[in-house]
Amino acid sequence: MDGGAGILGLVLTLYGAGAVLGGLFMGSIRFQRISRPGVTLYLLLFAMGVATLVIGAIPTVAVLIAMAFLLGFLMECFGVVWITLLQERVPSHLLGRVSSVDSLGSFSAIPVGLALAGTAVAAFGPAWTFIAGGIVVAAMSLLGLLSRSIRNLKVEVPQDIAAGVTEVKSG
């Protein structure tokens, strides 16, 4: 697949546009409408795996651009659900620590993933690397759905919302 810096710029721009639209979409719905957030998270991961696989299976610039937009949208939706669940489920006195460990784990994996991807591209080529990466992500997300605790994860409605309190009282 040829294209150079201009295509790379377009791909990254459309990934960002997808993320913005994903954020706006998630902001437009009430989180409580997501009745099974664990299932939602893992289905979003599955969709990201499929989109990654498609990049390798149909290696054209048009598909790359479309999947970049879709991946941006999906990743942002995933991020909103993940962060909301963290804030909802983790006790407030531990939220800073748990968020720090979450970030450390996520950002520490980036250089490892880049090294593995570079090695895979050198050995198998970019198309097969995208295909294999997509299969791994999709398969792992389906394995995650085998967990009853993930499937049964429910949204906790805060007490003030459950009681019908809708206004904020100031000091």
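**Pockets and ring pairs in a predicted model**

Tutor: Let's begin with the largest pocket, whose volume comes to about 1300 Å³. Keep in mind that this is a predicted model.

Student: Okay! How many residues line the largest pocket, and which lie nearest its centre?

Tutor: Its lining has 35 residues, and those nearest the centre are Tyr-15, Thr-52, Met-75, Ile-110 and Val-137.

Student: Which helices supply at least two residues of that lining?

Tutor: H1, H2 (37–57), H3, H4 (95–124) and H5 (126–144) each do. H4 gives the largest share, with 13 residues.

Student: And how do the lining residues of the largest pocket divide into nonpolar, polar and charged?

Tutor: There are 26 nonpolar residues, eight polar ones and one charged.

Student: Nice. What volume does the second largest pocket have?

Tutor: About 190 Å³. Its lining consists of Gly-38, Leu-41, Tyr-42, Leu-45, Phe-78, Trp-82, Leu-85, Leu-86, Arg-89, Ile-150 and Leu-153. The elements giving two or more of these residues are H2 and H3.

Student: Switching topic: how many aromatic pairs does a search of the whole structure find?

Tutor: Two. In one of them, Phe-25 and Phe-73 sit 5.7 Å apart, centre to centre, with 40° between the planes, and the pair is tilted.

Student: Where do Phe-25 and Phe-73 lie?

Tutor: Phe-25 is in helix H1 (residues 4–28) and Phe-73 is in helix H3 (residues 61–89), so the pair ties together parts 48 residues apart in sequence.

Student: How far apart are Phe-78 and Trp-82 in helix H3?

Tutor: They are four residues apart, which means a separation of about one helical turn.

Student: Is Phe-78 buried or exposed?

Tutor: Phe-78 is buried, because its relative accessible area is 17% and buried means under 20%. Trp-82, by contrast, is partly exposed at 34%.

Technical notes. Residues numbered from 1 in each chain as written. Predicted model: local features only at pLDDT ≥ 70, side-chain atom pairs only at ≥ 80, totals over all residues. Heavy atoms only, no water. Phe/Tyr/Trp six-rings, centres within 6.5 Å; stacked < 30°, edge-to-face > 60°. Buried < 20%, exposed > 50% of the residue type's maximum accessible area, 1.4 Å probe, protein only. 1 Å grid on protein atoms, 1.4 Å probe; cavity = no way out; pocket = protein on both sides within 12 Å on 5 of 7 lines; lining within 4 Å. Points joined across faces, edges and corners; volume = space filled by probe spheres on them. Nonpolar A, V, L, I, M, F, W, Y, C, P; charged D, E, K, R; others polar.
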